[in-house]
Amino acid sequence: MSKSDLHKIQLFSRISQETLAILETALRRKSFSKGSAILWEKDPCRYIYFLISGEVEVYLLAPNGREQVLERMGAGEAFNLVPAFKHTLNNHANVRAATAVELFEMNKDDFTDLLERLPEFSLAVADYMARRLVKMVNLVEDLSLLSVKQRIASFLIKQADTPSGRWTQDEMARRLGTVRDMVGRVLRQFEDEGFIRFEHHQILLVDRETMQKIALGEK
């Protein structure tokens with residue numbers, strides 16, 4: 001197992017070599033092709049995952065089949081941590097490979113055992129989960145308080161600042177809690193008003209200042 005791959009994982013990046021050597025014995029490397037299911041919501045929680053490369057989508061399904069993407073996670077992130085701390089021990093969401101993915105898999109029982117044995121690991125997990133909680137709170141705030149137009153504007157600004165690949169209008173709709181037609185209408189409006197430009201299947205910000213005002217509800 002490559003030490004450089006271990007250090008790509010945020011949870012492991014500041015852990016001592018002694019602790020890392022113990023954790024390494026509990027990790028197994030796995031690969032998933034694009035589109036593959038990694039987890040299903042409500043299935044028993046068996047593993048914790050740490051992303052080495054590629055991206056995954058964490059999403060929920062409504063009874064009518066509509067998707068709400070909670071997050072698109074990339075290299076260095078970890079997922080399925082929360083169920084390991086709960087008595088129900090069921091996965092909380094679906095996860096699929098958005099690209100080809102390589103990751104480390106850790107058995108849930110090994111994970112909880114190592115938390116008890118390794119204080120350094122426990123503190124690293126607590127710090128990581130606190131940061132994840134802040135992201136989830138921000139997501140709930142966006143979905144409940146911002147209009148679709150504001151959400152799209154905010155999304156485009158974030159993508160301009162930290163590009164994470166190309167997003168289709170369907171993917172944007174699932175990520176932003178709306179439908180494809182609404183995304184298309186808003187993007188066409190932004191283009192007609194000169195705020196964005198489509199170029200080689202990418203969306204380029206032309207008027208960032210106005211887009212920020214839209215995201216803040218000031219326009």
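Between domain 1 and domain 2 of this predicted model, zero residue pairs are in polar contact with both members at pLDDT 80 or more, a polar contact being a pair of N or O atoms within 3.5 Å in which, within protein, one atom must be able to donate a hydrogen and the other to accept it, with residues adjacent in sequence counted only if both atoms are side-chain atoms. Zero salt bridges are found by the rule across the interface of domain 1 and domain 2 (side-chain nitrogen of Lys or Arg within 4 Å of a carboxyl oxygen of Asp or Glu). The model is predicted, and local features need pLDDT of at least 70, side-chain atom pairs count only at pLDDT 80 or more, and totals for chains, interfaces and linings use all residues. Residues are numbered from 1 along each chain as its sequence is written, and side-chain values use heavy atoms, with hydrogens and water left out.

The protein chain is divided into domain 1 (3-143) and domain 2 (146-215), with bounds from an automatic or database domain assignment. The C-alpha centres of the two domains are 28 Å apart. Contact (heavy atoms within 4.5 Å) involves 14 residues of domain 1 and twelve residues of domain 2. The area buried between domain 1 and domain 2 is about 1100 Å², 42% of it on carbon and sulfur atoms; buried area is the accessible area (1.4 Å probe) that two parts lose on being put together, summed over both.

On the side of domain 1 that touches domain 2, β5 (67-73) and α4 (119-145) each supply at least two residues. Helices (H or I, at least four residues) and strands (E, at least two) are DSSP runs, numbered from the N terminus. Strand β5 gives the most to this side, with six residues. By class, the residues of this side comprise four nonpolar, one polar and nine charged, where Ala, Val, Leu, Ile, Met, Phe, Trp, Tyr, Cys and Pro count as nonpolar, Asp, Glu, Lys and Arg as charged, and the others, Gly among them, as polar.

The structure as a whole holds 16 salt bridges.

An open, antiparallel sheet is formed by four strands in the order β1-β8-β3-β6, two strands being paired if DSSP finds at least two bridges between them. Its edge strands, each pairing on one side only, are β1 (27-32) and β6 (78-79). Strand β3 (residues 47-53) pairs with β6 in the antiparallel sense over two bridges, and F50 stands opposite A78 in β6.
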